[in-house]
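Dear colleague,

Please find below the structure that I am handing over to you. A summary of the findings follows it.

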Amino acid sequence: MEVQQTLTVCVTGAAGQIAYSFIPLLLSGQVFGQVKINLRLLDIPKMETALKGVVMEIEDCAYPLIGDIQTGSNPKELFKNCDLIVFLGGFPRLPGMERKDLLQKNANIFKEQGEALQEVGKDDVKCVVVANPANTNCLILSRYATKIPRQNFTCLTRLDQNRAYAQVALALNKPLNSLKNIIIWGNHSTTQYPSIEHATADGQSFVLPDQGQFIERIQKRGAEVLNARGNSSVFSAANAVKDHIKDWFNGREDTLLSLGVLSNGEYGVQSGLCFSYPIRCLGAFKYEIVGNLELSDFSKQKLKVTEEELIQEQGLAESI
Ligand SMILES: NC(=O)c1ccc[n+]([C@@H]2O[C@H](COP(=O)([O-])OP(=O)(O)OC[C@H]3O[C@@H](n4cnc5c(N)ncnc54)[C@H](O)[C@@H]3O)[C@@H](O)[C@H]2O)c1
C-alpha cells in the first residue's frame, strides 16, 4: 500500500513499560494506518542506554513505516516539529509518598514540558497525556503552552471506557459491538463515573444486575490488575492510547467516546479543568463535547464528586 503522509510523533517515558507496548502499535500502522512516522523518544538521562536498546529493537523490526528516529532527554530538542506528543513519562508513586508530593513532582515535569512546548512546539501539535495524575498533568501542560489551542490537549480515559465496555458485555452476555455510548465522566481515578445512563445494547437502553458493583469495579480496575499481576496495566493501557489517537485522528460516527479534555463549563463543571466527557470525534483531530445529554440526579451527584477531586488536585498542583 502507498504511504501518503508523514507524521512526527514524540513519546515521552519512552524507556518505560507502556511505551514498550505502544511503540510497536504505532510503527506497525495500527494507529495511523499507512502513514510514515518520524519518531522522537524522550526519557530521563539515566535511561539513555535503555532508549538505545529500544531503538535497536525498532530497527530489528524492519518496519516499512519508520522514518527517522531521535532520542534524548531534552524536551526542547525533541518536541520541535512534532505533530503529536504522547506523554507517558512521569514520576512514579514511591512507597510512603503522599499523593500531594506525587502531584507536585509531576506538576513540575509537566510545567517544564509545557514551557518547552510553548518555546519550540508547532502551533497545532496534538497532545495525549497518559502519565498520572493524567487529567491534572494535562491541565498543567496546557497552562504553560498557551499558544496551542486548548482543544489540542487531551488525557487518556479510554482505558476506563474500554474496561467499562468489557464489563457490560460480560454482565449482559452480549457482544462488544452491540454496545454504544458507555461514558466515562471526570477524573481518571477512583472518583471517575462510568455511566450506562445513555448506553444502549442492540439499540435498547438496559440496566445492569448491580450498577453499584459495576461502577466500583471500573473505578478500581487498575488496582485489581496491579494486585493480580504484581505490576500495573501495560498492554491494555497501550491499546487504549492506540484507540484514543486512532479515533481522534480518523473520527468515529457510531458511538460517543471518552477523552479527558479542557472543560468550557459543560454540565456545570468548572471551566478549565481537564474532565472526561462524552465526545464525538469528527475526524482530522477535531472533536466536539456532547453537551446536551439529560442527566439524572444520581449522575449529577457523581459528576460533582469527581469534579471536586479535580478542583483539589488543581489546587495542589498550583501550589508548586
Ligand atoms: N491514564 C491511564 O489510563 C493510565 C493507565 C496506565 C498507566 N498510566 C500512567 O502512565 C504512566 C506510564 O506508565 P508505565 O507503566 O509506562 O511507567 P514506567 O515507570 O514503566 O515508565 C515511565 C517512564 O517515564 C520516564 N520519566 C520519568 N520522568 C520523566 C521525564 N521528566 N521526562 C521523560 N520521561 C520521564 C521514566 O524514566 C520511565 O522510563 C504512569 O504515570 C502510569 O501511572 C496511566
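**Salt bridges, sheet and domain span**

Lys242 is buried, its relative accessible area being 13%. The model is a predicted one. Asp243 is likewise buried, with a relative accessible area of 13%, and it forms a salt bridge with Lys242 in which the closest N and O atoms are 3.0 Å apart.

Asp247 and Arg252 also form a salt bridge, with 3.1 Å between the closest N and O atoms. Asp247 is buried at 8% relative accessible area, whereas Arg252 is partly exposed at 26%. Through shared partners, salt bridges join Arg158, Asp247, Arg252 and Asp254 into one network.

A further salt bridge links the side chains of Glu216 and Lys220 (3.0 Å, N to O). Here Glu216 is partly exposed, at 41%, and Lys220 is partly exposed, at 43%. Over the whole structure, the search finds 17 salt bridges.

Turning to the sheet, 9 strands form an open arrangement with mixed pairing, in the order E3-E2-E1-E4-E5-E6-E11-E12-E13. Its edge strands are E3 (66-72) and E13 (286-289), and the twist averages 30° from one strand to the next. Strands E11 (residues 252-262) and E12 (residues 274-283) pair in the antiparallel sense over 7 bridges; Gly260 stands opposite Ser276 in E12. Helix H5 (residues 134-144) lies across E4, E5, E6, E11 and E12, and runs at about 165° to E6.

Finally, an unreviewed UniProt entry lists residues 157-313 as "domain: Lactate/malate dehydrogenase C-terminal". This span is 42% helix and 22% strand, and its end C-alpha atoms lie 17 Å apart.

With kind regards

Note on methods: Residues numbered from 1 in each chain as written. Predicted model: local features only at pLDDT ≥ 70, side-chain atom pairs only at ≥ 80, totals over all residues. Heavy atoms only, no water. Pairing = 2+ DSSP bridges. Helix = DSSP H or I, 4+ residues; strand = E, 2+ residues; numbered from the N terminus. Axes fitted to C-alpha atoms, helices over the stretch in contact; angles between N-to-C directions. Contact = heavy atoms within 4.5 Å. UniProt positions renumbered as here; feature names shortened; annotations may be inferred. Salt bridge = Lys/Arg side-chain N within 4 Å of Asp/Glu carboxyl O. Buried < 20%, exposed > 50% of the residue type's maximum accessible area, 1.4 Å probe, protein only.
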